[in-house]
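Look at the model below and follow the chain from one end to the other.

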Amino acid sequence: MTRSEFMDSLHRALAGSLTSSTVNENMRYYEEYFDTQIRSGQSEEEIIAGLGDPRLLAKTIIQASKYQAQNFSNQEYDEVYEDGSQDDSRNGRGDSPKIYRMPGWLLLIIVLVVAFVVISVLSSVVSMLLPIIIPVFCVVLIVRMLRKGS
């Protein structure tokens, strides 16, 4: 197998399962890998033998991409929001939503602001009801004291 046959086979195996940008990124990586190894004195046959079957390599790359996609939100961003708009640039069909990622620090600020608003509203309600609650509490306390005394 030659370098071009290896790269064609790898490209075909990746193309059906990954986005075109991910396929192109991996193809560039292996082109550069071949160039680096050839400069260091290895032949194409030795490089291909070291890499193994391109279909198996593609399967490994696809699995790694799926794993990375599942764990991506835990690394840098906490929440992902979709606005439902259409983005023609990704797959040419225009049916995928545009995705916005919210950094963790921004999410923390929003949570703190919401907590502050909730506490403010609760304290306002309590301060409005306090003139009613205190006399009712005093009446209940007096009634209990009178019942104990009799």
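Ser65 is found in helix H4; helices here are DSSP runs (H or I, at least four residues), numbered from the N terminus. The model is predicted, so local features need pLDDT of at least 70 and side-chain atom pairs count only at pLDDT 80 or more, while totals for chains, interfaces and linings use all residues. Residues are numbered from 1 along each chain as its sequence is written, and side-chain values use heavy atoms, with hydrogens and water left out.

Is Ser65 buried or exposed? Ser65 has a relative accessible area of 19% and is therefore buried, as buried means under 20%, exposed over 50%, and partly exposed in between, with a 1.4 Å probe and protein chains only. Leaving aside residues up to four places away in sequence, Ser65 touches Leu18 and Thr22. Contact means heavy atoms within 4.5 Å.

Now to the helix pairs. Two packed helices are described by the angle between their axes and the distance between the axes. Axes are lines fitted to C-alpha atoms, for helices over the stretch in contact, and angles run from 0 to 180 degrees between N-to-C directions.

Helix H1 (residues 3–15) packs on helix H2 (residues 20–39) at an angle of about 160°, and their axes are 10 Å apart. H1 is therefore roughly antiparallel to H2; angles over 145 degrees count as roughly antiparallel, under 35 as roughly parallel, 65 to 115 as roughly perpendicular and the rest as oblique. On the H1 side the contact includes Phe6, Leu10 and Leu14, and on the H2 side it includes Tyr30 and Phe34. Sorted by type, the residues of this contact are ten nonpolar, two polar and three charged. Ala, Val, Leu, Ile, Met, Phe, Trp, Tyr, Cys and Pro count as nonpolar, Asp, Glu, Lys and Arg as charged, and the others, Gly among them, as polar.

H2 also packs on H3, at an angle of about 130° and with axes 10 Å apart. H2 is therefore oblique to H3. Tyr30, Tyr33, Phe34, Gln37 and Ile38 of H2 meet Glu44, Ile47, Ile48 and Leu51 of H3.

Which residues touch the most other members of the largest nonpolar core? Of its 16 residues, they are Phe6, Leu10, Leu14, Tyr30, Phe34 and Ile61. Such a core is a set of buried Ala, Val, Leu, Ile, Met, Phe, Trp, Tyr and Cys residues joined through side-chain atoms within 4.5 Å.

Methods:
Helix = DSSP H or I, 4+ residues; strand = E, 2+ residues; numbered from the N terminus.
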